[in-house]
Amino acid sequence: MTKIDLSRKIEVPSWVDALLKPTKIGSGELERQWEEIGDEVMDVLKKVMPTGKYTLGPYLKKFEEEFAEFSNSKYGIGMSSGTAALHIALEAMGVGPGDEVITVCNTYVATAFAISYCGATPVFVDIDPKTYNLTAELVEKKITSKTKAIVPVHLYGQVVDMDPIMDLAKKHNLYVLEDASHAHGAYYKGRRAGSLGHAAAFSLYPSKNMGAYGDGGVITTSDPELNEKIRMLRYVGQRVKFIHEVIGFQDRLDEIQAAMLSVKLRHLDDWNNRRRKIAAIYDEMLKDTPLQLPYVADYAHHIYYSYVTITPNAEERTNLLIHLANNDIGAFAMYPILVPMQGAYEDLNYKESDFPVGSSYATRVLNLPIFETFREDEARATAEAILAYYDRA
Ligand SMILES: *Cc1c(COP(=O)(O)O)cnc(C)c1O
């Protein structure tokens with residue numbers, strides 16, 4: 001049972017207010033995307049709607065096959081959300097009460113919640129100061145006899161250094177589930193995210209590099225046994241209709257979402273390349289500022305789900321956020337509070353000093369606007385506003 005205390009006081013960071021008003025630069029991402037592909041999407045909608053088949057039909061099967069192929073994997077399994085994808089994949093790996101699952105401190109809460117939904121305990125590790133991702137060295141220190149799995153997160157669109165993680169997993173007989181929710185189409189040494197662990201969970205939330213028109217998710221794997229278990233669990237524990245072998249879930253991806261996602265998948269590599277062009281503009285224009293810019297490891301093909309800078313200190317992050325908002329530019333901070341420091345995990349008794357790099361970055365992380373329809377002139381205007389801030393400061 002979850003204890004909820006509504007009388008608890010909530011502390012909102014001071015800069016949040018400044019970011020509540022809509023800005024001209026940095027918003028309208030999904031409206032612009034619709035302008036670009038709306039006709040194509042309407043065409044498939046008109047095909048799906050009259051069929052009378054809205055779940056587990058041919059469009060879902062088609063999208064699953066296409067996404068698996070795109071992600072260099074044997075199987076794709078459409079899910080109701082990224083959170084459900086993470087949860088069901090871990091259940092299929094046999095994660096349960098008493099188990100520990102190692103993940104990273106600076107991720108979206110759902111990565112950790114999925115572990116908790118299985119009844120297992122998330123064990124959080126700090127991050128590499130350059131890539132902002134977890135590393136095999138950090139993970140190895142936390143492995144115990146209870147460890148069952150590792151969930152690396154390809155944060156902001158840059159893949160984790162996966163070969164050492166897989167070696168470690170092999171040595172200790174652990175499962176690896178990629179949280180690839182920021183990495184649809186990213187590469188690691190020429191292999192796609194989604195094909196690197198035993199399975200991968202992707203969120204298809206609308207604002208991700210590829211998203212549904214509402215909630216959605218997808219799991220990839222090349223393990224036939226995991227594929228079969230995941231399919232059972234996502235649809236009320238049955239392999240054969242009316243035969244419920246285990247307590248499963250109701251976590252399918254809808255036919256209409258799948259059909260529309262097949263349209264988007266055709267654009268994904270182009271969209272990711274546009275994000276990379278925007279990132280190159282930021283890289284070039286901001287290289288002489290005090291901001292720490294994204295470091296791209298030689299094994300990674302970064303797809304910039306987000307363009308993330310680190311300010312020299314927390315105060316400067318606040319000032320820059322407000323300065324950019326005043327210039328009608330929508331920057332933000334993701335993630336401003338580490339998952340282990342959230343109220344949801346206070347029982348685990350983590351301290352900020354357990355995550356020296358992550359804790360410092362959480363107060364200094366500054367995300368600049370980037371999306372596939374973000375224009376180059378908007379990126380230049382954003383960079384110029386930052387340059388103006390530093391001339392003035
Ligand atoms: C978006 C996201 C999720 C959760 O996905 P939903 O589709 O919103 O449930 C999980 N992990 C990461 C890293 C995410 O960014």
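The points below take the domains and their contact in turn, and then one glutamate.

1. The model is a predicted one, and my remarks should be read with that in mind. The chain is divided into domain 1, which is made of residues 17-29 together with 268-389, and domain 2, which covers residues 33-262. Between the C-alpha centres of these two domains the distance is 24 Å, and the contact draws on 43 residues from domain 1 and 43 residues from domain 2.

2. The size of an interface is often given as the accessible area lost when the parts come together. For domain 1 and domain 2 the buried area is about 3,700 Å², with carbon and sulfur atoms giving 60% of it. On the domain 1 side, Tyr299, Tyr305 and Tyr335 deserve a look in the viewer, as they supply 21% of the area that this domain buries against domain 2, more than any other three residues.

3. Polar interactions are also found across this interface, where 24 residue pairs are in polar contact, both residues of each pair being at pLDDT 80 or more. The side of domain 1 that touches domain 2 receives at least two residues from each of helix H9 (268-285), strand S12 (300-301), strand S13 (307-310), helix H11 (356-362) and strand S14 (365-368). Of these, H9 gives the largest share, namely six residues. Sorted by class, that side of domain 1 consists of 28 nonpolar, nine polar and six charged residues.

4. The salt bridges between domain 1 and domain 2 number two. In the model there is a salt bridge between the side chains of glutamate 36 and arginine 274, with an N to O distance of 2.8 Å.

5. Leaving aside residues up to four places away in sequence, glutamate 378 touches Ile25, Arg32 and Thr373. With arginine 32, the side chain of glutamate 378 forms a side-chain to side-chain polar contact of 2.7 Å.

Methods:
Residues numbered from 1 in each chain as written. Predicted model: local features only at pLDDT ≥ 70, side-chain atom pairs only at ≥ 80, totals over all residues. Heavy atoms only, no water. Domains from an automatic or database assignment. Contact = heavy atoms within 4.5 Å. Buried area = accessible area lost by both parts, 1.4 Å probe. Salt bridge = Lys/Arg side-chain N within 4 Å of Asp/Glu carboxyl O. Polar contact = N/O pair within 3.5 Å; in protein donor to acceptor, adjacent residues only side chain to side chain. Helix = DSSP H or I, 4+ residues; strand = E, 2+ residues; numbered from the N terminus. Nonpolar A, V, L, I, M, F, W, Y, C, P; charged D, E, K, R; others polar.
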